[in-house]
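Visitor: I have a structure to go through and some questions about it. Could you show it first?

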Amino acid sequence: MKYLKESDTRKIKKVKQIVNNVFSVDVLLKSRKRKYVNARMVYSKILREQNFTYYHIGLSLLKNHASILHYVKSIDWILSYDKKLLKKYEQCLDLLDEQGEDYLELTKAELILLVKKLKKQNNLLSLSQNV
């Protein structure tokens, strides 16, 4: 079994948050209502497109990997006729693209490296203005 990196777990949390907000549901809630199932399907499709395994997606949803496989196989057909769901799926993708690196979710070590990198860039810019 392959363990997830910290950046992958942050990515999963970000996708979960976006899907929850767009669909106004909690994807972890055990419900068979259509809006919950659609949200889980979109969530699964997005993560699968980002090369997460069915197993890891299933763990994040507290589902079996076979359920995720069913979601991913079914959603393409559903998106072909359900234009509202397609619009929400595209909205989730747009929000995911808009949100770059979320600095609030970085670890202390990652923040330190980022600050050092920014200081170096600032110094280089200062030197280029003095010339």
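Guide: Start at I46, which touches V15, V19, Y89, C92, L93 and L96, leaving out residues up to four places away in sequence. Keep in mind that this is a predicted model.

Visitor: Is α2 mostly covered or mostly open, and how many of its residues are buried?

Guide: The buried residues of α2 include Y36, V37, M41, V42, Y43, I46 and L47. Buried residues of α2 pack against α1, α3, α4 and α5. The helix is mostly covered, and of its 16 residues the number buried is twelve.

Visitor: How far does α1 reach from its first C-alpha to its last?

Guide: α1 has 18 residues. Its buried residues include V15, I18, V19, V22 and F23.

Visitor: Is Q17 buried, partly exposed or exposed?

Guide: Q17 is found in helix α1. Buried means under 20% relative accessible area, and exposed means over 50%. Q17 has 42% relative accessibility, so it counts as partly exposed.

Visitor: Which residues does L95 contact, leaving aside its neighbours within four places in sequence?

Guide: L95 is in helix α5. It counts as partly exposed because its relative accessibility is 27%. Leaving aside those neighbours, the contacts of L95 are I18 and V22.

Visitor: What is the phi of S24, and where is S24 found?

Guide: Most residues other than glycine have a negative phi. S24 is not glycine, yet its phi is positive. S24 counts as exposed, because its relative accessibility is 60%. Its phi is near 55°, and its place is the loop between α1 and α2.

Visitor: Which residue just after α2 takes a positive phi, and what is the value?

Guide: Look just past the end of α2. The residue there with a positive phi is N51, at about 70°.

Visitor: What is the phi of L62?

Guide: L62 lies in the loop between α3 and α4. It is exposed, because its relative accessible area is 58%. L62 is a residue other than glycine with a positive phi, near 60°.

Visitor: How many charged residues line the largest cavity?

Guide: The structure holds one cavity of 30 Å³ or more, and the space in the largest cavity is about 40 Å³. By class, the lining has five nonpolar residues and no polar ones; the charged residues number three.

Methods:
Residues are numbered from 1 along each chain as its sequence is written. This is a predicted model: local features need pLDDT of at least 70, side-chain atom pairs count only at pLDDT 80 or more; totals for chains, interfaces and linings use all residues. Side-chain values use heavy atoms; hydrogens and water are left out. On a 1 Å grid over the protein atoms alone, a cavity is a set of points where a 1.4 Å probe fits but cannot get out, and a pocket is an open set with protein on both sides within 12 Å along at least five of seven lines; lining residues have an atom within 4 Å of a point. Grid points are joined across faces, edges and corners, and a volume is the space filled by probe spheres set on the points. Ala, Val, Leu, Ile, Met, Phe, Trp, Tyr, Cys and Pro count as nonpolar, Asp, Glu, Lys and Arg as charged, and the others, Gly among them, as polar. Contact means heavy atoms within 4.5 Å. Buried means under 20% relative accessible area, exposed over 50%, partly exposed in between (1.4 Å probe, protein chains only). Helices (H or I, at least four residues) and strands (E, at least two) are DSSP runs, numbered from the N terminus. The expected span of a helix is 1.5 Å times one less than its number of residues.
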